[in-house]
Amino acid sequence: MEQKPTDLELIQKVLNGETDQYALLVKRHQRFVFTLALRFSKNREDAEEIAQDCFVKAYKALGTFKQTAKFSTWLYTITYTMAMTFLRKNRLDTTSIHDESTILQLENHTSSFNANGYERQDSHAFLNIAITQLLPDDAAIITLFYKGEQSLEEIGEALHMEPNTIKVKLHRARQRLKEKLQYLLKDEVKELL
């Protein structure tokens, strides 16, 4: 079985003129970059645009990548910056969790949760719904830590913050996430946490 090239090996190939190798880097990281962009934009089309712009920007700046850090951390830094720029530029409207249509939507989700036997799948769906209700910074930190499996140091590097600041922000984001989940699931939250 052939071993897959590392990110650094692929980067070196791209820098040496094998530009088609960049597609492998994109394929390897596209899902997570999209997920992170979605946490900020809360809109699939905008997240796709942000993710695409991130990969274009990363490609153009590949020569500046310092190979002392992980490529994923560098890429997530670009994603964070691009998403923040997008949010400032577009001034996205935020929806309160107490908005009437949101409450109706969540009540429908809750009743379907109680009606079927797929609690584990639904608990992930509820977790994702709760994450989308967080502030963009909180959602990014939760996503990078749990889904991206990034260390506090790596998240700090990506978000231009000290690891101790990330630790505090992660703790607070967990608390806010717990509150959102309690609101969404009421009694079911005890099983998730």
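Colleague: What does Asn90 count as in terms of relative accessibility?

Modeller: Start with the scale: buried means under 20% relative accessible area, exposed means over 50%, and partly exposed is in between, using a 1.4 Å probe and protein chains only. At 36% relative accessibility, Asn90 counts as partly exposed. Asn90 is found in helix H4.

Before we go on, some ground rules. This is a predicted model, where local features need pLDDT of at least 70 and side-chain atom pairs count only at pLDDT 80 or more, while totals for chains, interfaces and linings use all residues. Residues are numbered from 1 along each chain as its sequence is written, and side-chain values use heavy atoms, with hydrogens and water left out.

Colleague: What is the mean pLDDT of the protein chain?

Modeller: First, pLDDT is the predictor's confidence in each residue, from 0 to 100. The protein chain has a mean of 79, and 78% of its residues reach 70 or more. Over residues 92-121, however, the pLDDT is below 50. That stretch has 34 contacts in the model beyond near neighbours in sequence, a contact being heavy atoms within 4.5 Å. Where pLDDT is low, the predicted coordinates should not be read in detail.

Colleague: How many helices and strands are there in the protein chain?

Modeller: Both are DSSP runs numbered from the N terminus: helices are H or I with at least four residues, and strands are E with at least two. Here the protein chain has ten helices and zero strands. Buried residues make up 41% of its 193 residues. The chain exposes about 12,100 Å², with carbon and sulfur atoms supplying 50% of it; such areas come from the Shrake-Rupley method with a 1.4 Å probe, and for residues only the protein chains shown count as cover. Of the contacts between residues at least 6 apart in sequence, 63% join residues at least 24 apart.

Colleague: Which residues are buried in helix H1?

Modeller: In H1, which spans residues 7-15, the buried ones are Asp7, Leu10, Ile11 and Val14. Seen down the axis of H1, they fall within an arc of 100°, so they line one face of the helix. The arc is that of the directions from the helix axis to the C-beta atoms. These buried residues pack against helix H2 (22-41), helix H3 (44-60) and helix H4 (71-90). Just after H1, Gly17 takes a positive phi of about 105°.

Colleague: How many aromatic pairs does the structure hold?

Modeller: A pair of aromatic rings is described by the distance of the centres and the angle of the planes. Rings of Phe, Tyr and Trp (its six-membered ring) pair if their centres lie within 6.5 Å; planes under 30 degrees apart count as stacked, over 60 as edge-to-face, and the rest as tilted. The structure holds seven such pairs. One of them joins Phe40 and Tyr80: the ring centres are 5.7 Å apart and the planes are at 70°, so the pair is edge-to-face. Phe40 lies in helix H2 and Tyr80 in helix H4, so the pair ties together parts that are 40 residues apart in sequence. Phe40 is buried at 2% relative accessibility, and Tyr80 is buried at 10%. Phe65 and Trp74 form a tilted pair, 5.2 Å centre to centre with 55° between the planes. Ring pairs link Phe65, Phe71 and Trp74 into a cluster.

Colleague: Which residues touch the most other members of the largest nonpolar core?

Modeller: A nonpolar core is a set of buried Ala, Val, Leu, Ile, Met, Phe, Trp, Tyr and Cys residues joined through side-chain atoms within 4.5 Å. The largest one has 51 residues, of which Tyr22, Phe40, Phe71 and Tyr76 touch the most other members. Several helices each supply at least two residues, including H1, H2, H3 and H4. H4 gives the most to this core, with eleven residues. Tyr22, leaving aside neighbours within four places in sequence, is in contact with Val14, Phe55, Ala58, Tyr59 and Leu62.

Colleague: What is the relative accessibility of Thr79?

Modeller: Thr79 is at 0%, and counts as buried. Thr79 is found in helix H4. Beyond neighbours within four places in sequence, Thr79 is in contact with Val33, Leu36, Ala37 and Cys54. You can read His29 likewise: this residue of helix H2 is buried, with a relative accessible area of 7%.
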